[in-house]
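Keep the structure open and follow along.

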Amino acid sequence: MAGFTFVFTQNNATKVIYDNEILPFPAINKISFFKIFESLESLTQDPDPNVSGYANNLLRDLAPYPELREGFTDKSLLIKYEKEIHQLLRVIFPDVLLENEIKAIAAPFDFHPFYFSTRFKNIIEAAGPGFTLEYAGLNKDDFYVIGCLMILGSHYKFPVDISQPVTLAIPNQQTKSTRQYRVAFNADLLEVVPPANVPEFTMEDYMELINNMDNLALWKEKFPPDTWEMRGIGVMNLTDVTMDHSIGQITSALFEKNGDLMARMERSMRSLFNIHDLSVSFVHFADNAFQQTHKNNIKSFLLGDMESCSPAEALCDESSDKLFARKEPLVITDVSAFHEVVPDSRLTQNLLDQGINSYIIAPLSYDDQTIGFLEIASQHVHQLSPLSLKKLEHVLPVLSIAAARFSEESKNRLDAIIQEECTTIHSSVKWRFEQEARKFMEDQYSGRVPVFKDLVFKNVFPLYGQMDIRQSSTLRNNAVRADLTQQLNQVKKILHKAYTKQNLPSLEELTYRVDQYLAEIAEDLLAGSEHKILAFLTSDIYPVFNHLKQTDSKLEKEIDTYRNLLDPETQMVYDKRKDFDESVNKINRTLAGYIDKKQLEAQQMFPHYFERYKTDGVEFNMYIGQSLVKDQIFDKLYVSNLRIWQLMVMCEMENEFHHIQQDLGHTLEIASMILAHSNPLSIHFRLDEKRFDIEGAYNARYEVVKKRVDKALIKGTDERVTAPGKIAIVYSNEEDAIEYGKYLDFLIAKGYIEAESVEDLELENLQGITGLRALRASVVYDSGRLSDESVALDELIDSISSESVGRN
């Protein structure tokens, strides 16, 4: 950044050089100590003889040098009168202040001081040879305007504020760091001297300038260069604001989208800690493991070359307790010494492998959740210590907020990858997809070609259930036929009335064609019948209706009445179909909403995959097994638990349906069925189809049975195995029959199933499927009791546990 330096021209007028350009200024600046002389003169009247004697003696010694009071522009006089100036400045700068405060004296509006406090002088010397003061926060136009504002405030007494945030960055060659200082300028020891013919200045002039702060030409017009005089000295006070500046820089770096985050972070942290070799990193924490961030070229010191590891692998018990239980930073002042005490520590071994000899790792928490850790490292022993934590306290809050943002961005990125590659995934298996998505993202960050691999979950137990609206296709066709019949009869009625009035053969011919369509749909409603009828009405009937409306007012009313019967979108009668569709939708909403709510409870028993579909009714798949969970231990007890839960919930869903059945606009019934399958299988998420499928030819039989079994007939009859008011459990393994028989006994005792209603039925063979049987039982319709007194979770588990023990 360009800075200000001052030179004195041959006519001794002070000029400003900015980027090698001499800038104008509204006043000539003179160095004068008149304010100190005035202060000394007042001290001569002090009642304390020591004070008054000191003032009289100093005034007498300085009497031969009137230039010091009157002022001068020749800076060479500063050297000539160095001793005398030092005596004067001791009045306002006692020796004790020179040692501890960062102060300097300069000519008016001269940013190059000629007198430094001892501490300021030491700071400048540590910056190294050739260092010059460069001020951030000023530009060349500001300088002229500030001079004018000084005149407005000092001479004309207008309200002005010339304070500006000005900072200095001063390096230290020894520590290889840079300190930031805020500069405050005190103008109490200078005065503004007007020219001989001082111009008047009105409030209008003042407002014109204030409203045109950027119009430098206007300011120069009101205050021409070198027309005023500023006499005195300016006092500069510097305050070390490195910590505030570093925190600001860290905050800026964290929340900027572009730029090298870690480079800026590292520079700011080195400045904050005053350690030139300080290194900074982050380690992500998710799924109970430390994980590489793989963003902005960040590599964790803790992990080294590893991608991830658990706290138990990386830390000793005491360190783990400090970071996770107490959520406090872990400080290792001497990594080698720490490793000797804990030789099995992977953390310290990784640190030593990287040449790190002192280290801090601090938790980053948000909403009381640990989402990551800040790592600070140095190559030197004891560079980082518990004393460093005081500075760290100031940056951890903003780092935690930023880490939460990065964590959320990373999660959104993972979700986006999963969504793009796999569509929506059930929460129970999302962890596995996130693992694969994280590898995908790591490959992206590393410049490799990312590939999302197919995922297979082995040895899972399937459960399938459906609640099908009975004869829904037939009932839907009947509703369509009724609506079409009503519409065609209305058309026929209008055509007949028109024919009786006009006796046109074309109207008779149209009536004949309407009768043909009525006969056709009465016999059999084909897939294209509705479309064919609509095309007939649009092309042949409605143009005639439009003509009839223009020629006969009575027929116009009939046609308008007909039009009002039609659905605005389809231009077809939508009455019986509407009742049917609304009834189906109400059933689907009720059943789907109920099982979705109960699923949340079931997931608490043991996590499992669940997917539910709305068709004409509801069907759902569930899979449970060790490969579907990450941090829990699976047992077949949970399969039994889920099977009886499924039975229980389907009984409750039957009751939910029974409760709304009387309110449906169309009379409908449902039939419930469960497919029992005791052997584990593998499910495979197919990226091309973005869905789960059964893995392997042998297991594919399960999918075939699912698609065909609800149409199965009881052996030797025309009766389907599924029936309203009953739940059918289709099985092929005798052990399944025994197991589900016990569950039915349990639900009979709990009032879900009617006693003496359980049937064991042999089924007719299906295409490619033989040997199927079914248990079928009647549901107790008592919705109030079932809703209020559902089987308690602990009672259910106790029952199954006792059965499991008995089997073992």
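Two helices count as roughly antiparallel when the angle between their N-to-C directions is over 145 degrees. Keep that cut-off in mind for the helix pairs below. The model itself is predicted.

Start with helix 19, residues 472-502, and helix 22, residues 553-565. They pack at an angle of about 175 degrees. Their axes lie 11 Å apart. The angle is over the cut-off, so helix 19 and helix 22 are roughly antiparallel to each other. Which residues make the contact? Helix 19 supplies Gln486, Gln487, Gln490, Val491, Lys493, Ile494, Lys497, Ala498 and Lys501. Helix 22 supplies Lys554, Leu555, Glu558, Ile559, Tyr562 and Leu565. By class, the contact of helix 19 with helix 22 holds 7 nonpolar, 3 polar and 5 charged residues.

Helix 19 has another partner, helix 23, which spans residues 576-605. Here the angle is about 150 degrees, and the axes are 7 Å apart. Helix 19 is therefore roughly antiparallel to helix 23 as well. On the helix 19 side, the contact uses Ser472, Leu475, Arg476, Ala479, Val480, Ala482 and Asp483. On the helix 23 side, Lys576, Arg577, Phe580 and Asp581 take part. The classes divide into 5 nonpolar, 1 polar and 5 charged residues.

Now pick out one residue from that contact. Valine 480 sits in helix 19. Is valine 480 buried or exposed? Its relative accessibility is 9%, so valine 480 counts as buried, the cut-off being under 20%. Setting aside residues up to four places away in sequence, valine 480 touches Leu525, Glu530 and Arg577. Valine 480 and lysine 578 are 98 residues apart in sequence, yet their C-alpha atoms are 9.5 Å apart in space.

Step back to the whole protein. It has 28 helices and 27 strands. Of its 808 residues, 46% are buried. Among contacts between residues at least 6 apart in sequence, 67% join residues at least 24 apart. The protein exposes about 39600 Å², and carbon and sulfur atoms supply 49% of that area.

The largest nonpolar core has 54 residues. Which of them have the most contacts inside this core? They are Ile587, Trp645, Leu647 and Ile729. Helix 24, residues 637-661, gives the most to this core, with 12 residues. Leaving aside its neighbours within four places in sequence, tryptophan 645 is in contact with Ile595, Lys598, Gln599, Ala602, Met605 and Met622. A second, separate core has 40 residues, including Phe109, Val145, Leu152 and Leu168.

Leucine 40 lies in helix 1, residues 34-43. Leucine 40 has a relative accessible area of 0%, so it is buried. What does leucine 40 touch, not counting residues up to four places away in sequence? The list is Ala55, Leu58, Leu59, Leu88 and Val91. Leucine 88 lies 48 residues from leucine 40 along the chain, and their C-alpha atoms are separated by 9.3 Å.

Beyond its neighbours within four places in sequence, threonine 44 contacts Ser52, Ala55, Asn56 and Leu59. Ala55 and Leu59 are also touched by leucine 40. Between threonine 44 and asparagine 57, 13 residues apart along the chain, the C-alpha separation is 9.5 Å.

Finish with two loop residues. Lysine 157 lies between helix 8 (140-154) and strand 8 (166-172). Its phi is positive, about 65 degrees, although lysine 157 is not a glycine. Lysine 157 has a relative accessible area of 65%, so it is exposed. Histidine 382 is in the loop between strand 18 (369-378) and helix 17 (388-422). Phi of histidine 382 is near 70 degrees, again a positive value in a residue other than glycine. At a relative accessible area of 54%, histidine 382 is exposed, since the cut-off for that class is over 50%.

How values were computed. Residues numbered from 1 in each chain as written. Predicted model: local features only at pLDDT ≥ 70, side-chain atom pairs only at ≥ 80, totals over all residues. Heavy atoms only, no water. Helix = DSSP H or I, 4+ residues; strand = E, 2+ residues; numbered from the N terminus. Buried < 20%, exposed > 50% of the residue type's maximum accessible area, 1.4 Å probe, protein only. Contact = heavy atoms within 4.5 Å. Areas by Shrake-Rupley, 256 points an atom, 1.4 Å probe, with all protein chains shown as cover. Axes fitted to C-alpha atoms, helices over the stretch in contact; angles between N-to-C directions. Parallel < 35°, antiparallel > 145°, perpendicular 65-115°, else oblique. Nonpolar A, V, L, I, M, F, W, Y, C, P; charged D, E, K, R; others polar. Core = buried A, V, L, I, M, F, W, Y, C linked by side-chain atoms within 4.5 Å.
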